[in-house]
Amino acid sequence: MMTSWPKIILFGDSITQFSFGEGGWGAFIADKLQRKCDVVNRGFSGYNTNYAKLALPRLLPKSQIPQVSVLTLFMGANDASLEKLNPQQYISVSSYVANMKAMIDYLQEGGLEASKIVLITPPPIYGEGWKKHCQTTYGVAQNRTNANTGLYAKACCTVAKDLGIEVLDIYTIMQQEPKWERYLLDGLHLSPDGNQFLGEQLWKMLEPKTRDMPMQLPDWKDVDPNNPEEALLK
């Protein structure tokens with residue numbers, strides 16, 4: 001009898017939180033894995049890695065880590081804020097690296113193998129779009145730049161290499177696409193095209209990790225209507 005439902009945890013900031021919206025990349029992954037596992041959204045708008053590091057044990061106690069089949073760790077977009085313009089969210093690159101390693105250490109101490117962790121770099125910043133959004137929505141100056149975010153993306157890739165963990169470098173591969181700014185809704189968050197692009201790229205990494213997952217519970221055609229207990233309770 002099935003004792004626990006396998007889980008894929010999507011852990012990150014607003015780009016993860018919003019990923020279960022219509023056309024979102026998290027919903028795309030959940031659709032690919034229908035009836036095989038629960039795809040759990042643990043995205044928190046505005047969080048940097050300081051906040052995420054403290055929240056992780058509450059969100060995922062070590063006793064529950066064995067149920068996790070894959071966890072994506074998608075942080076850095078807020079850490080990469082410019083210190084003088086957004087000190088509340090800013091985290092230095094060195095602290096970002098330390099926090100990412102601390103979260104990975106916690107997961108591995110709970111039994112999650114390196115092969116079950118996928119890091120995702122922060123996406124690029126389209127400066128003109130984010131500048132306009134900052135001014136019209138918040139009445140503040142542009143508080144992130146693409147060049148600065150690139151430092152965090154590079155650091156994320158370095159963490160992955162050092163710890164033997166796979167990484168989706170969305171910062172780099174997105175900018176290799178023509179007119180890549182179309183992937184960003186406001187210069188930072190993903191547009192419908194950006195969600196589709198990220199979902200497709202991530203699925204290339206998750207499909208080999210999940211292809212052997214069985215469908216949960218028998219197909220209805222395999223259930224004897226006169227004795228459903230035989231199929232459903234064994």
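The questions below concern helix and strand packing in a predicted model.

Q: Which orientation do helix α3 and helix α4 have to each other?
A: The axes of α3 (residues 49–59) and α4 (residues 93–109) come within 9 Å and cross at roughly 15°. Angles under 35 degrees count as roughly parallel. Therefore α3 is, relative to α4, roughly parallel.

Q: How many residues of the contact of α3 with α4 are nonpolar?
A: On the α3 side the contact includes Thr49, Ala52 and Leu56, and on the α4 side it includes Tyr96, Met100 and Met103. Three residues of this contact are polar and one is charged. The number of nonpolar residues is nine.

Q: Are α2 and α8 parallel or oblique to each other?
A: Helix α2 (residues 25–32) and helix α8 (residues 192–210) have axes that come within 8 Å and cross at roughly 40°. Angles under 35 degrees would count as roughly parallel, and those of 65 to 115 as roughly perpendicular. The two helices, α2 and α8, are therefore oblique.

Q: Is the crossing of α2 and α8 left-handed or right-handed?
A: Among the residues that make this contact are Trp25 and Phe28 of α2, with Leu198 and Trp203 of α8. By class, seven residues of the contact are nonpolar, three polar and two charged. The crossing of α2 and α8 is right-handed.

Q: Which residue in β4 is the bridge partner of Leu71?
A: Strand β3 (residues 68–74) pairs with β4 in the parallel sense, over four bridges. The bridge partner of Leu71 is Ile117.

Key:
Residues are numbered from 1 along each chain as its sequence is written. This is a predicted model: local features need pLDDT of at least 70, side-chain atom pairs count only at pLDDT 80 or more; totals for chains, interfaces and linings use all residues. Side-chain values use heavy atoms; hydrogens and water are left out. Axes are lines fitted to C-alpha atoms, for helices over the stretch in contact, and angles run from 0 to 180 degrees between N-to-C directions. Angles under 35 degrees count as roughly parallel, over 145 as roughly antiparallel, 65 to 115 as roughly perpendicular and the rest as oblique. Contact means heavy atoms within 4.5 Å. Ala, Val, Leu, Ile, Met, Phe, Trp, Tyr, Cys and Pro count as nonpolar, Asp, Glu, Lys and Arg as charged, and the others, Gly among them, as polar. Two strands pair if DSSP finds at least two bridges between them. A crossing is left-handed if the near helix is turned anticlockwise from the far one by less than a right angle, and right-handed if clockwise.
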